[in-house]
Amino acid sequence: MANNTSLIQIITLFSIFFSIANSVVFNYPAVFNFGDSNSDTGEFAAGLGDILELPNGQTYFKTPSGRFCNGRLIIDFLMDAMDLPFVNAYLDSIGAPSFRKGCNFAAAGSTIQPPTAQAVSPFPFGVQVAQFVRFKARVLELLAKGKKLDKYLPTEDYFQKGLYMFDIGQNDLAGAFYSKTFDQILALIPSVLTEFETGIKTLYDQGARNFWIHNTGPLGCLAQNVAKFGSDPSSLDELGCVSKHNQAAKVFNLQLHALSKKLQGQYTDSNFTYIDIYTIKSNLIANYSKFGFEHPIMACCGYGGPPLNYDSRISCGKTKVLNGTSVTAKGCNDSSEYVNWDGIHYSEAANQYVSSQILTGKYSDPAFSDKMPFLLNIKF
């Protein structure tokens, strides 16, 4: 079955890629990314000294890479499509990392709004933007001293010509469900997006002109939220997802899309591209078997077994004593059969599928066109 699954996924991806290979090309010299664990390539692990254990990273990197995944994230596949190296985390300084082609400020658990006392991450969007401001100032300072570090740092014009990517907001919504009513969460969304707009304006003032904004996915389809909020069958939709979480995500996305359009009108010398991640992921979960998957919600790496294989007390790869017994949250035999990796994050196979859909241009506003400076390099 595993071989058939892989074959279906390969055929699906290649049919997509060949159909767009001549019409889509990313041509940016560098990428500066802001977000949460959906695009964190090592920021949280480096910043807080968090140690991810195998099987995290096992599929592609063969070792934990700071990513909350068995392999590559969406941003990794998009960097490949742009013929750029994987973007290094801002705080991960070991091994003389190169920031020549960009820098990643995304950190797991991050929110758009300033963190609460219970927050997982001390790196909300505002802090990430402040880190970028310092990063740029420091880069320009070092470049002015000579060419010794040129191969490690972006040139000054890269800050204007580069692509600024955003995938954040999921944790603002998901976290709010633990302490607020549904109506209170909906009422919170405008202030969350005001904070996001403030960060965008700061980046614009710093020279950013190319903005790539992912909306948030179907939160209610994550095993973590199904386990916590889906015990009552009436709270679930026909796919087994928590309805209220997905409704909140849709409202957030509608307002985020409107903000993106507003900013495009306000900053006419810039390009704002809005990506409908929600629809891509929802389609995957609804039609998982069509795309070679067997489990749309259950976690590959976790503890507890079917139907969710998720226990909030123990994360992927960890060993703990639960109810007097030492247990380990282990990985499944074939991660390519699972949409979800650890109950919260998507598997590499799912990230690959989502990336392939992004690159069709059908889920973006504005949609990709032959007039845009894009060319797809098929590496998957």
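Begin by selecting Ile-277, Tyr-278, Ile-280, Lys-281, Ser-282, Leu-284 and Ile-285, which are the buried residues of helix H10. The model on display is a predicted one. Now extend the selection to residues 277–286, the whole of H10; this helix is mostly covered, with seven of its 10 residues buried. In an α-helix, residues three or four places apart point the same way, because there are 3.6 residues to each turn.

**The whole chain**

Next, display the complete protein chain, in which 11 helices and 10 strands may be traced. Along its principal axes, the C-alpha trace spans about 60 × 45 × 40 Å. The radius of gyration is 20 Å, which agrees with the value near 21 Å that a compact globule of 380 residues would have. Of these 380 residues, 55% count as buried. Among contacts between residues at least 6 apart in sequence, 73% join residues at least 24 apart.

Switch to a surface view. The accessible surface comes to about 16,200 Å², and 53% of that area belongs to carbon and sulfur atoms.

**An enclosed strand**

Select residues 295–299, which form strand E6. Four of its five residues are buried, so E6 is largely enclosed by the rest of the structure.

**Two cis peptide bonds**

Proceed to Pro-307, in the loop between E6 and strand E7 (319–322). The peptide bond that reaches Pro-307 from Pro-306 is cis, with omega near 10°. Then select Asp-365 and Pro-366, which are also joined by a cis peptide bond, with omega about 0°. Pro-366 lies in the segment after strand E10 (364–365).

**Two residues with positive phi**

Select Asp-83, found in the loop between helix H3 (74–81) and strand E2 (102–104). Its phi is near 60°, a positive value in a residue other than glycine. Is Asn-323 buried or exposed? Select Asn-323 in the loop between E7 and strand E8 (325–328); its phi is positive, at about 55°, although it is not a glycine. Asn-323 counts as exposed, because its relative accessibility of 70% lies over the 50% cut-off. Asp-83, by contrast, is partly exposed, with a relative accessible area of 46%.

Key:
Residues numbered from 1 in each chain as written. Predicted model: local features only at pLDDT ≥ 70, side-chain atom pairs only at ≥ 80, totals over all residues. Heavy atoms only, no water. Rg over C-alpha atoms; globule rule 2.2 N^0.38 Å. Buried < 20%, exposed > 50% of the residue type's maximum accessible area, 1.4 Å probe, protein only. Contact = heavy atoms within 4.5 Å. Areas by Shrake-Rupley, 256 points an atom, 1.4 Å probe, with all protein chains shown as cover.
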